[in-house]
Amino acid sequence: MSLAGTETEQDHCYVCDQRITDRFLLKVNGQSWHAHCLRCCVCQALLDRHPSCFIRNNNVYCRTDYTRQFGAKCSKCGRTIQSTDWVWRAREQVYHLACFACDSCKRQLSTGEEFALYDNRVLCKTHYLEFLEGNNAQ
């Protein structure tokens, strides 16, 4: 997002299509906006004083709503992964550190420990082997 100077004679607002005669205009994604027209499509917050905004499918989002809708989610709890969160990755799955635990015994797994992903379930080595033995007995 950038702030342009007073050369607004040719600029029309992307949202309302009115000529921008304000002292300042906002440039976002190559388009010009009135300060009062640049709003989050979810919460309707004015974004003219925010340091950034996000565009997806021609919709404008504040950081909070963009992250809530499109950010990575923990494969266990389903909550959004924040940029400050410690995570574990297993194949294409992402987990909060505290969520990376055996689904059977609930014990949090440690770095270097063997585990298995089976039907989107995390299993420690002991419970995975028990599961395999139980299936072979049938």
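1. Tyr 61 is buried, at a relative accessible area of 5% (buried is under 20%, exposed over 50%, partly exposed in between, with a 1.4 Å probe and protein chains only). Keep in mind that this is a predicted model, where local features need pLDDT of at least 70, side-chain atom pairs count only at pLDDT 80 or more, and totals for chains, interfaces and linings use all residues. Numbering runs from 1 along each chain as its sequence is written, and side-chain values use heavy atoms, leaving out hydrogens and water.

2. On to the rings: there are nine aromatic pairs (Phe, Tyr and Trp rings, the last by its six-membered ring, with centres within 6.5 Å; planes under 30 degrees apart are stacked, over 60 edge-to-face, the rest tilted). One of them joins Tyr 61 to Tyr 66, edge-to-face, with 5.9 Å between centres and 65° between planes.

3. Trp 88 and Phe 100 are a stacked pair, because their ring centres are 5.5 Å apart and their planes lie at 25°. Trp 88 belongs to strand S6 (residues 87-90), while Phe 100 is in the loop between strand S7 (93-96) and strand S8 (115-118), twelve residues away. Both Trp 88 and Phe 100 are buried.

4. As for the fold, I read two helices and nine strands (DSSP runs numbered from the N terminus: H or I of at least four residues, E of at least two). Their order is β-β-β-β-β-α-β-β-β-β-α.

5. The C-alpha atoms fill a box of roughly 80 × 25 × 20 Å along the principal axes. Buried residues account for 28% of the 138 in the chain.
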